[in-house]
Amino acid sequence: MKETKISGLYAITPDLHNTDDLLDKTQQVLAGGARLIQYRNKSADDALRRKQAGLLLQLCREYKVPLIINDHIELAGGLDADGVHVGRDDGSIGEARRQLGRDKIVGASCYNNLNLALRAEESGADYVAFGAFFSSRTKTDTVPVTTHLIDQARQRVTVPVIGIGGIRLANAMTVIQSGCDAIAVCNDLFAAENIHTQAKQYARLFAVHHAI
């Protein structure tokens, strides 16, 4: 999966304890055109997290879409997931690379800090994520990101750039046009009335942008 181009709709799962619900909603997101899935469940215990991640991995394999595990490097390694996403306090990129090997995807949260992104790439990150672009219901302690920062990042880092934080259909094109290779979306996908259609609309934004 390391060869997978990191671009397009990057769906992040919400905290759902009902595993069937999680799988059903994620399947709709995948069918709608998501290019990456990140399993993130801050409220689950270890057993539930392992169960959900394992079932999501099977689902993602069917769609040939990478499953990235948020924070938990050992879980990603134990399941042979496609990669891990680490934040500032979740363990180092170097540690993730040592545990998972060279063939796995390692992504890093860089908030609104270009220097963090530069260090992340130097340490072996496969992509860097900046956010929040907009106010987010998922995270309330976010820092604002401007399109100017993305412009700077595109000039100085060579790995793909992900935009995250409060992204909705109404504002997603702004993030794509700023130069982000992918956009990470949680609530506006998984809480949509028609998840499949919502995902298709996000995917269509990238098609439109690339056609311009």
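This is a predicted model: local features need pLDDT of at least 70, side-chain atom pairs count only at pLDDT 80 or more; totals for chains, interfaces and linings use all residues.
Reader: How many salt bridges does the structure hold?
Author: The structure holds seven salt bridges. Among them are the pairs Asp 21 with Lys 25, Arg 49 with Asp 46, and Asp 181 with Arg 154.

Reader: Why can such side chains pair?
Author: Side chains of opposite charge can pair when their charged atoms come close.

Reader: Let us take Arg 49, then. Where does it lie?
Author: Arg 49 is part of helix H2, which covers residues 46-63.

Reader: Is Arg 49 buried or exposed?
Author: Arg 49 is buried: its relative accessible area is 9%, and the cut-off for buried is under 20%.

Reader: Which residues is Arg 49 in contact with, leaving aside its neighbours within four places in sequence?
Author: With those neighbours set aside, Arg 49 is in contact with Tyr 39, Asn 41, Lys 42, Ala 44, His 72 and Leu 75.

Reader: And what separates Arg 49 from Ile 150?
Author: The two residues are 101 residues apart along the chain, and their C-alpha atoms are separated by 33 Å.

Reader: Back to the salt bridge of Arg 49. How far apart are the closest N and O atoms of Arg 49 and Asp 46?
Author: In that salt bridge the closest N and O atoms are 3.1 Å apart. Arg 49 and Asp 46 are separated by about one helical turn, because they are three residues apart in helix H2.

Reader: Now the pair Asp 21 and Lys 25. What is the N to O distance there?
Author: The side chains of Asp 21 and Lys 25 meet in a salt bridge with an N to O distance of 3.7 Å. Both residues belong to helix H1 (residues 19-32), where being four residues apart places them about one helical turn from each other. Asp 21 is partly exposed, with a relative accessible area of 26%.

Reader: A last one: which residue forms a salt bridge with Asp 181?
Author: Arg 154 does, and the closest N and O atoms of the two are 3.1 Å apart. Asp 181 lies in the loop between helix H7 (169-177) and strand E8 (182-185), while Arg 154 lies in helix H6 (residues 147-156), so the pair ties together parts that are 27 residues apart in sequence.

Reader: What is the relative accessibility of Asp 181, and what is that of Arg 154?
Author: Asp 181 counts as partly exposed at 22%. Arg 154 counts as partly exposed at 40%.

Definitions and conventions:
Residues are numbered from 1 along each chain as its sequence is written. Side-chain values use heavy atoms; hydrogens and water are left out. Helices (H or I, at least four residues) and strands (E, at least two) are DSSP runs, numbered from the N terminus. Buried means under 20% relative accessible area, exposed over 50%, partly exposed in between (1.4 Å probe, protein chains only). Contact means heavy atoms within 4.5 Å. A salt bridge is a side-chain nitrogen of Lys or Arg within 4 Å of a carboxyl oxygen of Asp or Glu.
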